[in-house]
Amino acid sequence: MSLAYESHELAVAVADLLADPDDPSLPIHQPWWRQSLALGVPGIALLHVELAAAGLRPWQRARHWLTAATGGPVTAGADSHSFHGAPALAHVLACAATHQPGSYARALDGLDTAIAADTRRRVAAAHARIDAGELPALAEFDAIRGLTGIGVYLLRRPSGGEELRDVLGYLVRLTTPLHRDGEMLPGWWTGTGPNGRTDARFPGGHGNTGMAHGIAGPLALLALAALQGVVVEGQLAAIATVCSWLDRWRSKTDAGRSWPYWITRPQLRAGRAPAPGTQRPSWCYGTAGVARAQQLAALATDDAARRVAAEDTLTRALTDPRQLAATTDSSLCHGYAGLAHIAHRVAADAVPGNTARLDARVPHLLSLIDSAGGGPRRTAAALIGDAPGPGLLDGAAGVALAALSCSTASTPNSSWDSCLLTVRPAHPLT
């Protein structure tokens, strides 16, 4: 974006173009629209909540979007996850309640009851799978559809203690190796490709390193819980196990350390990581997400060397023209907004020298959202009009939230991005 305006102005422009949840130009008739944090109403409501909390737009608009999100049946159970249904709606309401204590308490209590029951069911099924010696599905444990995503919501709720500890205990067990076909595999090794389906390109499955679908997500949750004082037996050892595995498969390049998006069975057998190449350093996959998970792990275990290495790795990735050239969109999930947001969050927890280096990268990363200098209104309209649409992960609302959180007009911490495992959650609501 042009440095002639503050990044919060882009957030305001996006929100103003998304003022009405009943706007017929929006995908209001899609079945996912009302309950999808990734794509639909909850993510846009989150933007309006944060702008209202910053005093940049009225609370009434935020309440209008929250009513749209909660004004019908809510999906719970097996068809829900942290980005759809009960956990997604609960996350947004919890953020609103952080800014307006006491609000939405009844709705949150009902959602928490449903989420707790589903968590117990999922944890029991996961332990049964481990007992049977079977490999997990990505959706069992990952940050998008699995228990990691559910666990990070439980971490912010006062009623989530017992179920949170159950999730952490399961993640500890997930780090125990599995023996299959005469080989020892990491406990999070899946028998499918990265899309969760059988894939001929991944004979014998794969080990996923990413924040969205891989082991960096569980690592971040184990660390975040420890930083908040929630520790179960074996948790710190599990953090060490995952960090050691990531150390085993990292590569060194002239642009710093990097991790492959995944390890295949032939690579595991050969004991050799794929040749390092230029890849997008995004939140969902790649250096940015893995570096944040490693920094959190280092903070949780008081590992000064790992902390500095993770911060340096991210800084070098964000100053490497080749890696930035591999980033081709503005999204929170895998684009410039996500890189700016992670740089901002990592800087807040970094040693002073790295804080300055990372903070210095944020304006440049945000400027790439509006490289043509069209201004906030035109950029907002282009973001909403692009194929991903108005949502949180790939669309305009996520870009706007990242721009807002990096601006001087940012709000008190509501942990709106706790669903991304990039921030230490606000203190549990009381």
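Which way, left-handed or right-handed, is the crossing in which α12 passes α15? Left-handed. Keep that in mind, and keep in mind too that this model is predicted.

Let me start with that pair of helices. Two packed helices are described by the angle between their axes and the distance between the axes. Here, α12 covers residues 287-301 and α15 covers residues 336-348. Their axes come within 10 Å. They cross at roughly 15 degrees. That makes α12 roughly parallel to α15. Who makes the contact? From α12 come A288, G289, R292 and Q295. From α15 come L339, I342, R345 and V346. Sort those residues by class, and you get four nonpolar, two polar and two charged.

Now a second pair. Look at α7, residues 147-154, and α8, residues 161-174. The axes of α7 and α8 come within 9 Å. Their crossing angle is roughly 145 degrees. The handedness of α7 with α8 is left-handed. On the α7 side, the contact uses L147, T148, G151 and L154. On the α8 side, find E163, L164, V167, Y170 and L171. The classes for α7 with α8 are six nonpolar, two polar and one charged.

Next, salt bridges. How many does a search of the whole structure find? The count is 22. I will show you three of them.

Start with D181 and R265. Their closest N and O atoms are 3.6 Å apart. D181 sits in the loop between β1 (178-180) and β2 (183-185), while R265 belongs to helix α11 (residues 265-270), so this pair ties together parts that are 84 residues apart in sequence. The two ends have opposite surroundings. D181 is exposed, at 69% relative accessible area. R265 is buried, at 5% relative accessibility.

Then R306 and D247. This salt bridge spans 2.7 Å, N to O. R306 is in helix α13 (residues 304-318) and D247 is in helix α10 (residues 235-249), so the bridge links parts 59 residues apart in sequence. R306 counts as buried, with 15% relative accessibility. D247 is partly exposed, with a relative accessible area of 23%.

D320 is buried, at 7% relative accessibility. R322 is partly exposed, at 43%. Some bridges also share partners. In that way D181, E183, R265 and R269 join into one network.

Last topic: backbone angles. Most residues other than glycine have a negative phi, and most peptide bonds are trans. So which residues have a positive phi here? Y104 is one of them, with phi near 60 degrees. L421 is another, also with phi near 60 degrees.

Where do they sit? Y104 is in the loop between α4 (86-99) and α5 (105-131). L421 is in the segment after α18 (396-405). Are they buried or exposed? Y104 is partly exposed, with a relative accessible area of 25%. L421 is buried, with a relative accessible area of 0%.

To recap. We saw α12 and α15 crossing at roughly 15 degrees, and α7 and α8 at roughly 145 degrees.

Technical notes: Residues numbered from 1 in each chain as written. Predicted model: local features only at pLDDT ≥ 70, side-chain atom pairs only at ≥ 80, totals over all residues. Heavy atoms only, no water. Salt bridge = Lys/Arg side-chain N within 4 Å of Asp/Glu carboxyl O. Helix = DSSP H or I, 4+ residues; strand = E, 2+ residues; numbered from the N terminus. Buried < 20%, exposed > 50% of the residue type's maximum accessible area, 1.4 Å probe, protein only. Axes fitted to C-alpha atoms, helices over the stretch in contact; angles between N-to-C directions. Left-handed = near helix turned anticlockwise from the far one by under 90°. Contact = heavy atoms within 4.5 Å. Nonpolar A, V, L, I, M, F, W, Y, C, P; charged D, E, K, R; others polar. Parallel < 35°, antiparallel > 145°, perpendicular 65-115°, else oblique.
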